[in-house]
Structure formats: structure tokens, C-alpha cells
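I opened this notebook to record what I looked up in the model.

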Amino acid sequence: PSTAAMAGTRADWVTMVHPSAMVQDLLQLRSFISGMKTEEKVGELLKAKNFSLSTAESCTGGGIAALITSVPGSSEYFKGGIVAYSNEIKADLLHVSVETLAQHGAVSRETVVEMVKGAMKTLKTDCAVATSGIAGPGGGTPEKPVGTVWIAAACKNEIVTMKQEGDRGRTENVQSAIQNALFMLCSMLK
């Protein structure tokens, strides 16, 4: 994907995807997928590269894993997922540092980067996606309003992140995050 800035913090190889660049990439990706469901294309690309996949989901509550496993033969590349709704699970199972959670909060770029790395480490996969956000209708703050979702996708040493914004209602916020995560992964794999 096109990038606006490279991060040189604790999360080496992390790219922040600018929203306008993401929209352009998603439009190109839709034509690349050509009629397939995104989860089917992700599976096809993972199999072609002989890569495995895991998920680390908070606000999407396992929805990404559900779509991935809806594809026949997904057991060839999907190892599993962790629904980490609480900070305790993020820390204990995904190795998100308590300092990151305290300093940046669960809904942050830093947290999803650690979640995606933790999923790949814990589940021993080549690729992973992670989500953490405020689906709504409550829970938002002026700094992080309802509809804010951070998404990370990773393959090997490359990690891309995206901040999804705008409240379209709980169901649509979650569905958009699921689709954006799959699109980001597909874009990385193509």
C-alpha cells in the first residue's frame, strides 16, 4: 500500500497507511479480486505463498476468523484466533505490554501492532490481523470517539496499520473493520 509515514518506534517495519492512499489501494484491490469474496482471495493468496494466518480481535469479536473459516479448505492456512476483548487477555495471551495499554490505551496503533505480533508469535503464523476499537454505541471519548478502530495486518516482518473513523452504528462499524482488515491483508499478499 501507499504510505504516508514510516514508524521507527518500538514497532520496526510498521507502516501507517494514509486514508486516501488506502481508498485508492482498496479500489485497485477490488478489481484484482474480480468477483471473489475477499476472504476467498485471502485464502488463495495464502495458499499460493504457503503462509499461515492467525487473528487477534477485540471489537470485531471473532468476525474475521469466522469469515476466514467460512471458506472451504481454510484449515490449510488458518491456525486460529484470539478474541481479546479485555486488556488482561491482550496482555496475557497476545503479549501487549501493560505500559503500552496504560500509555496509549487499548484502542491505539501501538496496541494493535503488539496484538498482531503477539498473534503471530503465540499461534506461530506467518501472517496475522488485529483489531481494537470502539464499536459503540457508548464508550467513546472526544479523543477516541465511537467508530474509532485501529487495524493492523502483518506478514513476516511487514506490518501495516489503519485508523478507521466515523460512527455508522455498531454493526456497520464492526463489519467495516472486518472488511478493512481483510482488504489490508489481501493487499499485502498480492
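**Entry 1. Nonpolar cores.** I looked first for nonpolar cores, meaning sets of buried Ala, Val, Leu, Ile, Met, Phe, Trp, Tyr and Cys residues joined through side-chain atoms within 4.5 Å. The largest has 31 residues, and V42, L46, L53, I68, C127, L185 and L189 are those with the most contacts inside it. At least two residues of this core come from each of α2, α3, β5, β6, β7 and α7 (170-189). Helix α7 gives the largest share, 10 residues. I also noted a second, separate core of 23 residues, with A91, A119, M120 and A154 among them. In soluble globular proteins, nonpolar side chains tend to be buried together.

**Entry 2. Basis of the values.** The model is predicted: local features require pLDDT of at least 70 and side-chain atom pairs pLDDT 80 or more, while totals for chains, interfaces and linings use all residues. Residues are numbered from 1 along each chain as its sequence is written, and side-chain values use heavy atoms, with hydrogens and water left out.

**Entry 3. The chain as a whole.** I read off seven helices and seven strands; helices (H or I, at least four residues) and strands (E, at least two) are DSSP runs, numbered from the N terminus. Their order from the N terminus is β-β-α-α-β-α-β-α-α-α-β-β-β-α. Of the 190 residues, 54% count as buried; buried means under 20% relative accessible area, exposed over 50%, and partly exposed in between (1.4 Å probe, protein chains only). The chain exposes about 8700 Å², of which carbon and sulfur atoms supply 54%; the areas come from the Shrake-Rupley method with a 1.4 Å probe, and for residues only the protein chains shown count as cover. I then examined contacts, meaning heavy atoms within 4.5 Å. Among those with a separation of 6 or more, 63% are between residues 24 or more positions apart.

**Entry 4. Strands β3 and β4.** I checked how β3 (residues 53-57) pairs with β4 (residues 78-83): the two run parallel and are joined by five bridges. Two strands pair if DSSP finds at least two bridges between them. From β3 the chain passes through helix α3 (residues 63-69) to β4 in a right-handed β-α-β crossover. Right-handed means that, with the strands pointing away from the viewer, the path from the first strand over the helix to the second runs clockwise.

Entry 5. Setting aside neighbours within four places in sequence, I found L53 in contact with residues including V42, L46, I68, T125, C127 and L185. T125 is placed in the loop between α6 and β5 and counts as buried at 10% relative accessibility. T125 and T55 lie 70 residues apart in sequence and 9.7 Å apart in space, C-alpha to C-alpha.

I next turned to A130, in strand β5, which is buried with a relative accessible area of 0%. Beyond its neighbours within four places in sequence, A130 is in contact with A56, V112, M115, V116, W150, I151 and A152. A130 and T55 are 75 residues apart in sequence, with C-alpha atoms 5.9 Å apart.

**Entry 6. Salt bridges.** How many salt bridges does a search of the whole structure find? I recorded three, a salt bridge being a side-chain nitrogen of Lys or Arg within 4 Å of a carboxyl oxygen of Asp or Glu.

- E44 and K41 meet at 2.6 Å, N to O. They are three residues apart in helix α2 (residues 38-49), so about one helical turn separates them. E44 is partly exposed at 36% relative accessible area, whereas K41 is buried at 9%.
- K156 pairs with D126, the closest N and O atoms being 3.1 Å apart. K156 lies in the loop between β6 (149-155) and β7 (158-164), and D126 in the loop between α6 (109-123) and β5 (127-133), so the pair ties together parts 30 residues apart in sequence. K156 is partly exposed at 44%, while D126 is buried at 18%.
- K163 and E165 meet at 3.5 Å, N to O. K163 is partly exposed, with a relative accessible area of 29%.
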